[in-house]
Amino acid sequence: MQLKDPSLFKTQAFISGQWVDSDKGETFPVYNPATGELIAQVASVGLNETRRAINDAQTAMTSWRALPAKTRCDILERWYNLVLENVEDLALLMTAEQGKPLFESRGEIAYGASFIKWFAEEGKRVYGDIIPAASDRRSIAIKQPIGVVAAITPWNFPNAMITRKVAPALAVGCAMVLKPAAETPLSALALVELASRAGLPPGLFSVVPTRDASTVGSEMTLNPIVKKVTFTGSTQVGKLLMKQCADTVKRTSMELGGNAPVIVFDDADLDLAVAGALVAKYRNSGQTCICANRIIVQEGIYDAFVEKFVAAVNQFNIGNGLDDTTSHGPVITKKAAIDIHSKVQSAIAEGAVVASGGDFSELGECFYQPTVLTNVNDKMQVFQEEIFGPVAPIFKFTTEKEAISMANDTPFGLAAYFYTEHMGRSWRVSEALEYGMVGVNETAISSEVIPFGGVKESGQGREGSKYGLDDYLEIKYICMGGLQR
Ligand code: ADP
């Protein structure tokens with residue numbers, strides 16, 4: 001990996017403005033999932049370092065929150081510019097540790113940077129209210145930074161899942177301690193290096209990589225200095241963190257698992273629907289929380305849809321993400337590939353038909369063939385659970401009512417998509433879907449300007465948009481009385 005700026009390749013923890021080894025000198029390995037190569041040994045911190053980072057975050061926040069919003073936001077703007085100036089290096093680091101093709105990594109860096117820019121602007125607009133009240137008083141609501149924030153982030157978007165949390169937190173005057181996923185710490189460490197170069201004061205944003213997520217996570221959730229925990233990851237870990245946060249009544253934002261349906265009605269534009277479903281299913285090799293998990297197609301258009309969908313999947317070029325001709329990379333680990341295969345095998349045992357793929361790929365132990373399954377039903381694991389891999393089960397339905405009921409038949413509620421050319425149906429179905437986000441004739445729904453988040457067991461809180469600041473703010477009511485004395 002030849003970086004233009006080799007000093008972006010960091011393997012230590014960044015605590016209180018310093019690059020440091022772990023107290024015990026412990027490290028953990030980071031591998032390239034495409035080749036199995038060891039690419040780094042990264043400092044693995046424990047409880048003491050995490051506690052230090054939290055204490056120093058509290059100290060750093062005192063002067064940071066007192067700065068004019070414009071001064072804070074100017075530093076974020078500089079960080080944004082530095083990220084864009086280093087997009088090639090950041091993309092290389094990401095592809096090496098995460099596996100996604102370079103074009104997707106470049107896209108994620110730009111997407112991640114857009115949150116920094118957005119919140120550098122929004123951070124100047126934290127307005128309060130003056131509430132009409134009796135004549136001898138004025139009732140006022142002001143918004144203040146919530147306090148020290150702890151963030152825990154996943155490996156599927158090693159850059160953007162960080163910036164969409166840290167940018168709003170810093171913009172409103174909070175400090176943050178972040179634990180990146182052990183699979184992808186290098187992207188996080190390069191990001192904080194650039195933040196530091198942009199002029200962030202020491203202690204305000206620390207990154208604590210570790211192989212011991214539960215120890216660091218426990219300190220983050222139990223330490224009374226931390227006022228808020230923001231998490232993106234599995235529903236299982238999210239629930240655990242919420243329970244741990246209960247003892248100190250911390251605020252939480254949870255962006256958890258999904259089980260996104262893509263409903264295709266008979267009246268849909270077939271080519272548009274196929275193209276949208278392909279992107280929604282196979283981006284990042286099926287490893288996004290808003291990936292199409294269940295493609296649900298009306299019976300009149302079913303065969304035509306499957307034919308076009310399979311033909312397109314058969315054109316994919318699977319390979320190492322660093323190769324420019326690669327359209328789809330590996331999955332994150334061998335274990336992930338094994339989990340995906342077990343879901344496919346279980347579906348086949350229950351009668352599913354393989355229309356494409358259906359097995360491990362010969363390219364390496366983290367590669368799985370892009371797979372399409374037909375003759376599937378709602379009792380199968382591939383309907384009930386998040387697949388998180390390049391497997392598309394295509395279900396059949398008859399009526400609109402049945403499609404809505406199938407789509408909502410899950411504890412999850414993150415993103416849903418549907419394709420129709422019918423105006424009334426667009427509204428009816430949008431309003432009936434129990435999801436935080438709905439794409440109508442569109443599956444590329446994410447950006448920094450929209451409120452991203454789920455309902456039901458997919459989580460709580462919204463990231464991005466003007467609402468994304470609220471997660472890092474407390475509302476204080478001030479009553480000024482005695483005005484007629
Ligand atoms: P996935 O299965 O996709 O890796 P996880 O929810 O396990 O999803 O991981 C998301 C993030 O949660 C990662 O940063 C991981 O290290 C962290 N994590 C996993 N287990 C715990 C835990 N017990 N406490 C705190 N963080 C955890």
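Student: How many cavities of 30 Å³ or more does a search of the whole structure find?
Tutor: First, this is a predicted model, where local features need pLDDT of at least 70, side-chain atom pairs count only at pLDDT 80 or more, and totals for chains, interfaces and linings use all residues. Residues are numbered from 1 along each chain as its sequence is written, and side-chain values use heavy atoms, without hydrogens and water. A cavity is a set of points on a 1 Å grid over the protein atoms alone where a 1.4 Å probe fits but cannot get out, and its volume is the space filled by probe spheres set on the points, joined across faces, edges and corners. Searching the whole structure for cavities of 30 Å³ or more gives two.

Student: How much space lies in the largest cavity?
Tutor: Its lining residues (an atom within 4 Å of a point) include Tyr282, Phe316 and His328. The space in the largest cavity is about 50 Å³.

Student: And how much lies in the second largest cavity?
Tutor: Among the residues lining the second largest cavity are Asn259, Cys291 and Glu386. The space there is about 40 Å³.

Student: Which strands are the edge strands of the open sheet of seven strands?
Tutor: Strands are DSSP E runs of at least two residues, numbered from the N terminus, and two of them pair if DSSP finds at least two bridges between them. The order is S14-S15-S16-S13-S12-S17-S18, with mixed pairing. The strands that pair on one side only are S14 (353-356) and S18 (437-440).

Student: Which residue in S18 stands opposite Ala416?
Tutor: S17 (residues 415-419) and S18 run parallel, joined by four bridges. Opposite Ala416 stands Val438.

Terms used
On a 1 Å grid over the protein atoms alone, a cavity is a set of points where a 1.4 Å probe fits but cannot get out, and a pocket is an open set with protein on both sides within 12 Å along at least five of seven lines; lining residues have an atom within 4 Å of a point.
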